Amino acid sequence: MAQPAANGNASSSEAPQSVEAEAERMRQDYDSTDFYKVLGLRRGETNADRVRAAYHKRVMYACPSDHHYEEAERSGGERKDQLQRREEMFYDLTVAYLVLKDPELRRIYDGLGYEMTRQSETYQENSVFDRDPYDVYHEFFEGTDPQDRQYLLMNVGDDGTRKSPKERRDEEVLKAYFFCRGGREGESDGYGRGHGYGYGCDGGGPDGPAEGKRLAE
């Protein structure tokens, strides 16, 4: 089966889809063991900065906020199911980012696949599969890794006014893909504007994501 385009859009030969339909198609095609697909990247066209850019683009919408937990606990039903799926996708996005930005882990993954990559991390003191996604999120936006900090200095700060219609639509699709639509008045719109290095998570506010929170069993 042909993989979707890196930005998640349908091919030009297909009729245009609505934002919601395209997001649903992406979810139906989702594979948590395909790290390139999780990040919206193509195999063979990846380096560490492209991995950072893909993580940066998606994590602001994938990362749940206090608002999402409060809403899910209050409303239940579909909202709770969506948040649970979003938690899973946030975790998958974190693992994919950590594996593909590391040259040795990427070599193992490309050559031997998901299961062998996971097995190779079994005896590591700090396995990428055990990292807390919220810790990784904070470390990235705070520039804990000097290479992450350099990427952020070079790529963060655009207020969105120079984005093309296609770029704006791609962002709308990602917001729908991660069930990241709407939010309360006065909160982040998902673009991270006004929240430093992209904090916001579509409702997270200036304090960033809702680290430590999990849905009640």
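Buried means under 20% relative accessible area, exposed means over 50%, and partly exposed covers what lies in between (1.4 Å probe, protein chains only). The model is predicted, so local features need pLDDT of at least 70 and side-chain atom pairs count only at pLDDT 80 or more, whereas totals for chains, interfaces and linings use all residues. Residues are numbered from 1 along each chain as its sequence is written, and side-chain values use heavy atoms, with hydrogens and water left out.

Figure 1. The protein has 10 helices and 0 strands. Helices (H or I, at least four residues) and strands (E, at least two) are DSSP runs, numbered from the N terminus. Along the sequence the pattern reads α-α-α-α-α-α-α-α-α-α. Of the 217 residues, 47% count as buried. Contact means heavy atoms within 4.5 Å. Among contacts with a separation of 6 or more, 69% join residues 24 or more positions apart.

**Figure 2. The largest nonpolar core.** A nonpolar core is a set of buried Ala, Val, Leu, Ile, Met, Phe, Trp, Tyr and Cys residues joined through side-chain atoms within 4.5 Å. The largest one holds 46 residues, and those with the most contacts inside it are Phe-35, Leu-39, Tyr-55, Val-99, Leu-100, Tyr-177 and Phe-178. Helix α5 (residues 77-101) supplies the largest share of this core, 10 residues. Which residues does Val-99 contact, leaving aside its neighbours within four places in sequence? Val-99 is in contact with Phe-35, Leu-105, Arg-106, Tyr-109, Thr-117 and Val-128.

**Figure 3. Val-95 in helix α5.** Val-95 counts as buried because its relative accessibility is 3%. Apart from neighbours within four places in sequence, Val-95 is in contact with Phe-35, Val-128 and Phe-129. Arg-131 is 36 residues away along the chain from Val-95, and the C-alpha atoms of the two are separated by 8.0 Å.

**Figure 4. Helices α5 and α6.** Two packed helices are described by the angle between their axes and the distance between the axes. Axes are lines fitted to C-alpha atoms, for helices over the stretch in contact, and angles run from 0 to 180 degrees between N-to-C directions. The axes of α5 and α6 (residues 103-112) come within 5 Å and cross at roughly 105°. That makes α5 roughly perpendicular to α6. Angles of 65 to 115 degrees count as roughly perpendicular, under 35 as roughly parallel, over 145 as roughly antiparallel and the rest as oblique. Leu-98, Val-99, Leu-100 and Lys-101 of α5 meet Pro-103, Leu-105, Arg-106 and Tyr-109 of α6.

**Figure 5. The two sides of helix α9.** Within α9 (residues 146-155), the buried residues are Asp-148, Tyr-151 and Leu-152. Why are they on the same side of α9? They cover an arc of only 95° around the axis, which puts them on the same side. The arc is that of the directions from the helix axis to the C-beta atoms. Pro-146, Leu-153 and Met-154, on the other side of α9, are exposed. The cover over the buried residues of α9 includes α3 (48-62), α5 and α8 (133-142). At the N-terminal end, Asp-145 caps α9, with a side-chain oxygen 2.8 Å from the backbone nitrogen of Gln-147.

**Figure 6. Lys-101 in helix α5.** Lys-101 is buried, because its relative accessible area is 17%. A polar contact is a pair of N or O atoms within 3.5 Å; within protein, one must be able to donate a hydrogen and the other to accept it, and residues adjacent in sequence count only if both atoms are side-chain atoms. The side chain of Lys-101 makes such a contact with the side chain of Asp-148 (3.4 Å). Not counting residues up to four places away in sequence, Lys-101 touches Ala-48, Val-51, Arg-52, Arg-106, Asp-145 and Asp-148.

Figure 7. Leaving out residues up to four places away in sequence, Val-38 touches Tyr-30, Asp-31, Ser-32, Arg-58, Asp-92, Leu-93 and Ala-96. Leu-41 counts as buried at 13% relative accessibility. Leu-41 and Val-51 are 10 residues apart in sequence and 7.9 Å apart in space, C-alpha to C-alpha.
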